[in-house]
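Work through the exercises below with the structure in view. Each task is followed by its solution in steps.

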Amino acid sequence: MSAEVEQPQIPIVKKKPNCFVGFANLPNQVHRKSIKKGFQFTLMVVGESGLGKSTLINTLFNTSVYPNKDHNAEEPPKTIQIETITTNLEENGIKLKLNVIDTPGFGDFVNNESSWKPILDDIEARFDSYLEQENKVNRKKIVDERVHACLYFIAPTGHSLKPLDIEFMKRLHHRVNLIPVIAKSDLLTEEEIVGFKARIMEDISYNKIQIYRPPIYENDDPETLQENKEIVLRMPFAVVGCDKEIDAGNKKIRGRQYPWGIIDVDNEDHCDFIKLRQMLIRTHMEELREYTNEVLYENYRSNKLIASGNEFGDGGNPLTRFEEEKKAHEAKMTKMEAEMKMVFQQKVQEKKNKLMQSDADLHARHKEMKEKLINQRRELEETKRQLESGARPGTPEKSRKGKGYFK
Ligand code: GTP
């Protein structure tokens, strides 16, 4: 029978100070502190070669994050490589350290079966490194290299997801915020994009893949709510990248020129680039960082600790593990103590035996010497008696009489 203990209710009283005391300034304090500290964001890009990954990153941050590439000079990679490019950006006095993790080689081989593996290993290794630093005594300078979001580039085939896309997303969705994008969407017509998006979303839900979606809180202000709903409706984002400007009538735009017209990257009617940038940088960057820390990393961390606890067979409770280790240590100490006691007793016994032996030897020698002395004394007394009686010492009494020495 379990009786539920009723918790005493602590009354919460709402009060307004009579004058301004200052805690309304707290957001400003946080603001100042974070400006001083700066921000850091780690973005991973995955997709087959030539899908426009580096161009899109340069377009997103409006600067050359990626150095200029000479595709002809490059040797195609033989394995999937993980490369990090770090750029320090500044906008209106706000500093952002941007780490872009590229994965050249993904999907470029004849057999791409395990292409997801080195990428998952890399993401988990970053979690492990963070966990290790957290467990150290000195946690002042934790280097956070965890991946906050992964842009997954889908080839503009117009059909549906490829088995490689599904496999990758299924393997990684519980470790990273997945943001699928349709690459080079200018190669598809408007109708093709609508159909392609629908089929991709069907595949995603059929395979129970969890992609990142901005959370919709009904108590958000109507404007934010509307913005978030619009972002969700555009997913997966059909993007176009272009880091060069072209002439469009009387102004310069970032876009691509075709015989039939111009694609303006920054025009929401032409592609979803603006919506992607809005979510990734303007409205949800902090949310992506938070979700990585509080949900994705937390799940990884607790699973890892439970698994390491199970190695000891106690269900993962560190206190139980400590108790068991303590008991084992105590048993070891008791055994060592008993062994030392035994050795000590043995040594004492050996010493005792030795002493007894030398005592007996001494006694025997004493007895022998005493007997020797008694014999010597007896002989001396005999000699003395003979001398006194005039006989030559050592001559038997009978022979002395016979030879007529004495009258
Ligand atoms: P790798 O480094 O080989 O992985 O290539 P990548 O995915 O980084 O592609 P990159 O950005 O180097 O672009 C490859 C080619 O595609 C370049 O010639 C770009 O100009 C072009 N390109 C990039 N984005 C787009 C796009 O949105 N539409 C079109 N049509 N072409 C694009």
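A residue counts as buried if 20 or more other C-beta atoms lie within 10 Å of its own. The model used here is predicted.

**Exercise 1.** Determine whether Leu-60 is buried or exposed.

Solution. Begin with the location: Leu-60 is found in helix 2. Next, take the count, which is 21 other C-beta atoms within 10 Å. The cut-off is 20 or more, so Leu-60 is buried. As a further step, look along the chain to Arg-377, 317 residues from Leu-60; the C-alpha atoms of the two are separated by 126 Å.

**Exercise 2.** Describe the span of helix 1 and how far it is covered.

Solution. Helix 1 covers residues 26-37, which is 12 residues. Now count the buried residues in helix 1: the result is zero, and the helix is hardly covered. After helix 1 comes Gly-38, with a positive phi near 80 degrees.

**Exercise 3.** Work out what surrounds the ligand.

Solution. The shell holds 15 residues, and the closest are Ser-49, Gly-52, Lys-53, Ser-54 and Thr-55. Sort the shell by class: four residues are nonpolar, six polar and five charged. Then ask which helix gives the most; this is helix 2 (residues 53-61), with three residues.

**Exercise 4.** Classify the crossing of helix 6 and helix 7.

Solution. The axes of helix 6 (residues 222-234) and helix 7 (residues 273-283) come within 9 Å and cross at roughly 130 degrees. Helix 6 is therefore oblique to helix 7. As for handedness, helix 6 passes helix 7 in a left-handed crossing.

Definitions and conventions:
Residues are numbered from 1 along each chain as its sequence is written. This is a predicted model: local features need pLDDT of at least 70, side-chain atom pairs count only at pLDDT 80 or more; totals for chains, interfaces and linings use all residues. Helices (H or I, at least four residues) and strands (E, at least two) are DSSP runs, numbered from the N terminus. The expected span of a helix is 1.5 Å times one less than its number of residues. A residue is buried if 20 or more other C-beta atoms lie within 10 Å of its own, exposed if 12 or fewer, and partly exposed in between; C-beta atoms are placed from the backbone. A residue is near a molecule or strand if its C-beta atom, placed from the backbone, lies within 6 Å of it. Ala, Val, Leu, Ile, Met, Phe, Trp, Tyr, Cys and Pro count as nonpolar, Asp, Glu, Lys and Arg as charged, and the others, Gly among them, as polar. Axes are lines fitted to C-alpha atoms, for helices over the stretch in contact, and angles run from 0 to 180 degrees between N-to-C directions. Angles under 35 degrees count as roughly parallel, over 145 as roughly antiparallel, 65 to 115 as roughly perpendicular and the rest as oblique. A crossing is left-handed if the near helix is turned anticlockwise from the far one by less than a right angle, and right-handed if clockwise.
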